[in-house]
Amino acid sequence: GQWSQDNGITWSTPDVILSNRAICPSSIEFLSREENSLIALLRYAQGSPSLIIWDGKNWSAPQFQDELSNLVNPATNDAILLGCQFGTLRQDRLFLIGCDLGSGGDIWMMSRDVVSAMEQLNSPSLWDLPKQLTSVLAQGISIMSYTADAENLYAIWVQTSLSTDTDVRESVYYSKWNGSEWTAPVNIINGLSGKVG
């Protein structure tokens, strides 16, 4: 990894983030860019995602989030296959929103405190139980996005349904997380024909 303090005119000496024996991630999402610290979520083609933390001098070893590969719907005990994941950090708490690619097809949200690698080793599970954001009684979710401010998280997604045997319609939904619960999903744009981008 490299960084620049002059908008990309000059760059630091490259730093090794992962050793050559580490699994190469399929994507990296930076969750926090505070002065002298950085937190990134690494996702892999297979297996659990991991967190890495830059403390201003060194990168931590990857902290694998194995709990995210073994999620269960608390109401039905069905496995949750978490896909289309989106992460955000707010006040030292990591929030992860994802789609169930399994039979449920629902949207779920989990959160945990961000702690050091040593603290993580001493804790059996840092993630709370998954909370259902919405139940998808349709073809599924094609797009999902989020944003956050100092107080709330906001999720927006596109939900696909069939209005006739051949006519595909997409609708845009919105919900807000206020720190303890999600608001009921609201359909803000309804019945769009074709693919929403």
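Analyst: Let's begin with a definition. Patches are built from residues with over 30% relative accessible area and no salt bridge, joining like charges within 9 Å and nonpolar side chains (Val, Leu, Ile, Met, Phe, Trp, Tyr) within 5 Å. A salt bridge here is a side-chain nitrogen of Lys or Arg within 4 Å of a carboxyl oxygen of Asp or Glu. Accessible areas come from the Shrake-Rupley method with a 1.4 Å probe, and for residues only the protein chains shown count as cover.

Analyst: You are looking at a predicted model, where local features need pLDDT of at least 70 and side-chain atom pairs count only at pLDDT 80 or more, while totals for chains, interfaces and linings use all residues. Residues are numbered from 1 along each chain as its sequence is written, and side-chain values use heavy atoms, leaving out hydrogens and water.

User: Which strand gives the largest share of the nonpolar patch?

Analyst: The patch on the surface is formed by Ile 156, Val 186, Ile 188 and Ile 189, with about 310 Å² of accessible area together. Strands are DSSP runs (E, at least two residues), numbered from the N terminus. Three residues of the patch, its largest share, come from residues 186-193, that is, strand 14.

User: What relative accessible area does Val 186 have?

Analyst: Val 186 sits in strand 14. Buried means under 20% relative accessible area, exposed over 50%, and partly exposed in between (1.4 Å probe, protein chains only). Val 186 counts as partly exposed because its relative accessible area is 40%.

User: Which two residues meet in a salt bridge?

Analyst: The structure holds one salt bridge. It links distant parts of the chain, 14 residues apart, from strand 1 (residues 27-32) to strand 2. Both partners are covered: Glu 29 is buried at 16% relative accessibility, and Arg 43 is buried at 14%. With an N to O distance of 2.8 Å, the pair is Glu 29 and Arg 43.

User: How many of the residues in strand 2 are buried?

Analyst: Look at both sides of strand 2: Leu 38, Ala 40 and Leu 42 point one way, Ile 39, Leu 41 and Arg 43 the other way, and all are buried. Side chains in a regular strand alternate between the two faces of the sheet. For strand 2 the count of buried residues is six of six.

User: Which residue of strand 3 stands opposite Leu 38?

Analyst: Two strands pair if DSSP finds at least two bridges between them. Strand 2 and strand 3 pair in the antiparallel sense over five bridges. Their hairpin has six residues between the strands, with Gly 47 at a positive phi near 95°. Opposite Leu 38 stands Trp 54.

User: How many residues does the largest nonpolar core have?

Analyst: A nonpolar core is a set of buried Ala, Val, Leu, Ile, Met, Phe, Trp, Tyr and Cys residues joined through side-chain atoms within 4.5 Å. In the largest one, the residues with the most contacts inside it are Leu 31, Ile 39, Leu 94, Leu 96 and Met 110, and its size is 16 residues.

User: Which residue in strand 9 is the bridge partner of Ile 97?

Analyst: Strand 8 pairs with strand 7 in the antiparallel sense over seven bridges, where Leu 89 stands opposite Leu 94. Strand 8 also pairs with strand 9, antiparallel over seven bridges. In strand 9, the partner of Ile 97 is Met 109.

User: What is the angle between the ring planes of Trp 157 and Tyr 173?

Analyst: Rings of Phe, Tyr and Trp (its six-membered ring) pair if their centres lie within 6.5 Å; planes under 30 degrees apart count as stacked, over 60 as edge-to-face and the rest as tilted. The whole structure has four aromatic pairs. The centres of the Trp 157 and Tyr 173 rings are 6.0 Å apart, and the pair is stacked because the planes lie at 10°.

Note on methods. Helices (H or I, at least four residues) and strands (E, at least two) are DSSP runs, numbered from the N terminus.
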